[in-house]
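Here is a friendly briefing to read alongside the model.

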Amino acid sequence: MTAKPLEPRWLPAGKLDEIDAEGSRVVQIEDQTVALFRHDGALYAIDNRCPHMGFPLHQGSIQCGLLTCHWHHARFDLVSGGTFDPWADDVRAYPVKIEVGQVWVNVAPPALPPVERHRSRLADGMRQNLRLIIAKSLIGLQAAGAPDAIAVEVGADFGTRLTRVGWGSGLTILTAMANILPFLDAEDRPRALYQGLVSVAGQIAGQSPDVPLDPLPGNDRDPAVLKRWLRDFLEVRNADGAERTLATAIAAGHPMPVIADMLYTAATDHLYMNGGHTLDFVNKAFEMLDLIGWSHAGQVLPSLIPGLSNALRSEELSNWRHPIDLAQLLWDAFAELPLILETGRSAGNWEGRSKLVELLLQDDPVAVVHALKAALGEGATPEDA
């Protein structure tokens, strides 16, 4: 983002001959501590605090236009303040001028607004997996009055765009942390966001970026057909076909409930996919969109496709098929559910909770399934059971 430069605010910073004699000088200009350096005939002014951990930069050393901090050896360009060590962050450089032996420093704020500056730096910290930069950026965003959704959006963008693996535990942690922000004190909100963002950054580090597939041409596809396509492609683990189908549904402008129905159905076409994580990831992706806005659906939701396509299906596990065929037991029960639920809706109040709990705690899968079916037929709601 390019912002319009602010009007300069030139303030006096000392006599040139005094700085020449000393080589450097630290001056307090209003609330800013500025280090002035005379090097190779030119005059430079930068913030005296090393952006990494606050070491006084006037105690550093200069060679060939580079200022080196003596604490952690971060190196900075004297002209721009830019660092050659990304973990250190850039230091602010000030324009200077000399008039009749008097040094003047322009202390007008940087042209880029603080929120945009910290947002950009947060994205840098995520890309390079630099925890200190992530933490400092979050603190800066909060100090600048930015809504928490900005940091969540940066994390969602990074976590869904820069990986071929798709939605993972890092994005789930970030969403969970974002969900509890309204219940936290102001000083704790950056800490929660930090835990989520470093989880995303650590998980994505070193991975190759995703190359998203475009939607199909046109936007007149029947959502029922798209839903069928999505399920069929995922059934045979065709991730490309599934992704393009989902992208087409989103680009066509189908409402959120329609897209949600497609994905939740696909996530439950097989038993307990990836131990339940696949369904949870779908749920968390929609929670993320509640936080940052449905306009991000085209990027966020396709990140679910790798997990849906590659998920381990519990009916493929031997311990689900032997010594008791749990998968067949459940499939048979699912076929009976519509009639059972219809019967239960007219059965009145259900009062068998204590008995059902006792049966659920027993190690008898057949008895558990029969008990659940009986409870639903007697008026228990799906939530009760």
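Which residue in β3 does Ile-29 stand opposite? Ile-29 faces Gln-32 there. The model is a predicted one, in which local features need pLDDT of at least 70 and side-chain atom pairs count only at pLDDT 80 or more, while totals for chains, interfaces and linings use all residues. Residues are numbered from 1 along each chain as its sequence is written, and side-chain values use heavy atoms, with hydrogens and water left out.

**Strands and sheet**
- Helices (H or I, at least four residues) and strands (E, at least two) are DSSP runs, numbered from the N terminus.
- An open sheet is built from four strands in the order β2-β3-β4-β8, with antiparallel pairing; two strands pair if DSSP finds at least two bridges between them.
- At the edges sit β2 (24–29) and β8 (93–94), each of which pairs on one side only.
- Six bridges connect β2 with β3 (residues 32–39) in the antiparallel sense.

**Cysteines**
- A disulfide is a pair of cysteine sulfur atoms within 2.5 Å, and by this rule the count is zero.
- Cys-50 is in no disulfide, and its nearest cysteine sulfur, in Cys-69, is 3.9 Å away.
- Cys-50 is buried, at 5% relative accessible area (buried means under 20%, exposed over 50%, partly exposed in between, with a 1.4 Å probe and protein chains only).
- For Cys-64, the closest cysteine sulfur is that of Cys-69 at 19 Å, which is too far for a bond; Cys-64 is exposed, with 71% relative accessibility.

**Salt bridges**
- The count comes to 24 salt bridges, each a side-chain nitrogen of Lys or Arg within 4 Å of a carboxyl oxygen of Asp or Glu.
- One of them joins Arg-9 and Glu-30 at 2.7 Å, N to O. This pair links distant parts of the chain, with Arg-9 in the segment before β1 (10–15) and Glu-30 in the loop between β2 and β3, 21 residues apart.
- Arg-9 is partly exposed at 34%, and Glu-30 is partly exposed at 47%.
- Lys-284 and Glu-287 meet at 3.7 Å, N to O; they are three residues apart in helix α10 (residues 277–292), so about one helical turn separates them. Lys-284 is buried at 13%.
- Arg-321 bridges to Asp-325, with the closest N and O atoms 2.8 Å apart.

**Aromatic rings**
- The whole structure holds four aromatic pairs, where rings of Phe, Tyr and Trp (its six-membered ring) pair if their centres lie within 6.5 Å.
- Tyr-264, Phe-286 and Trp-294 make up one aromatic cluster.

Conventions:
Rings of Phe, Tyr and Trp (its six-membered ring) pair if their centres lie within 6.5 Å; planes under 30 degrees apart count as stacked, over 60 as edge-to-face and the rest as tilted.
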